[in-house]
Amino acid sequence: MASKQTRLVLVLAAVAACLLLLPAASVATDVDYCSKKDYPVKVSGVQIVPDPVEPGQPATFKISASTDKTIEKGKLQIDVKYFFFYVHSETRDICGETSCPATGDFVLSHEQTLPGFTPPGSYTIYMKILGDENEELSCISFGFSIGFVASS
């Protein structure tokens with residue numbers, strides 16, 4: 001009887017070890033606000049799929065947020081930093097990333113394919129959510145990683 005229990009424990013340990021070695025398809029990412037200001041749009045989390053991002057492959061960034069305001073127009077100002085260097089900047093229409101009018105709980109979702117020659121490493125995104133009259137509704141930063149090679 002002890003032999004069956006020992007084999008069961010070894011099998012379960014092997015399965016657990018294999019699960020730990022699998023790459024994460026999606027991991028919640030920590031978000032920091034740019035200041036201690038009480039922003040009208042609260043960001044509760046960021047999900048990046050895949051994580052790490054693979055050069056030359058599509059990546060989806062989903063930002064969960066909520067607000068008491070009704071956002072009918074606005075924009076996202078996005079800056080990307082690699083180590084100490086700003087490497088990319090863009091402005092997007094907020095209604096292109098979520099359904100407008102946005103109110104209550106909503107998700108900003110953006111898919112981006114990075115060039116195949118994108119250097120691997122740690123990056124930081126700084127994102128401002130601006131209202132119709134350029135008022136700052138939120139400002140966050142979060143990190144993400146780009147892997148060394150795209151998988152086949």
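This is a predicted model: local features need pLDDT of at least 70, side-chain atom pairs count only at pLDDT 80 or more; totals for chains, interfaces and linings use all residues.
Reader: In what order do the 5 strands of the open sheet stand?

Author: Strands of a sheet pair through backbone hydrogen bonds, either parallel or antiparallel. Here the order is β2-β9-β8-β5-β6, with antiparallel pairing. β2 (32-33) and β6 are at the edges with a single partner strand each, so one side of each has no neighbour in the sheet.

Reader: How many bridges join β2 to β9?

Author: The two strands are joined by 2 bridges. In one of the pairings, Asp32 has Ser141 in β9 as its bridge partner.

Reader: How many aromatic pairs does a search of the whole structure find?

Author: The search finds 6. For Tyr82 and Phe83, the ring centres are 4.6 Å apart and the planes stand at 65°; planes over 60 degrees apart count as edge-to-face, so this pair is edge-to-face. Tyr82 is buried at 17% relative accessible area, whereas Phe83 is exposed at 55%.

Reader: What kind of pair do Tyr123 and Phe144 make?

Author: Their planes are at 25° and their ring centres 5.5 Å apart, so they are stacked. Tyr123 lies in strand β8 and Phe144 in strand β9, 21 residues apart, and the pair links distant parts of the chain. Tyr123 is buried at 6%, and Phe144 is buried at 8%.

Reader: Which residues lie nearest the centre of the largest pocket?

Author: Val80, His88, Gln112, Leu114 and Phe144 do, out of 26 lining residues. The pocket's volume is about 420 Å³. Its lining has 18 nonpolar, 5 polar and 3 charged residues.

Note on methods
Residues are numbered from 1 along each chain as its sequence is written. Side-chain values use heavy atoms; hydrogens and water are left out. On a 1 Å grid over the protein atoms alone, a cavity is a set of points where a 1.4 Å probe fits but cannot get out, and a pocket is an open set with protein on both sides within 12 Å along at least five of seven lines; lining residues have an atom within 4 Å of a point. Grid points are joined across faces, edges and corners, and a volume is the space filled by probe spheres set on the points. Ala, Val, Leu, Ile, Met, Phe, Trp, Tyr, Cys and Pro count as nonpolar, Asp, Glu, Lys and Arg as charged, and the others, Gly among them, as polar. Two strands pair if DSSP finds at least two bridges between them. Helices (H or I, at least four residues) and strands (E, at least two) are DSSP runs, numbered from the N terminus. Rings of Phe, Tyr and Trp (its six-membered ring) pair if their centres lie within 6.5 Å; planes under 30 degrees apart count as stacked, over 60 as edge-to-face and the rest as tilted. Buried means under 20% relative accessible area, exposed over 50%, partly exposed in between (1.4 Å probe, protein chains only).
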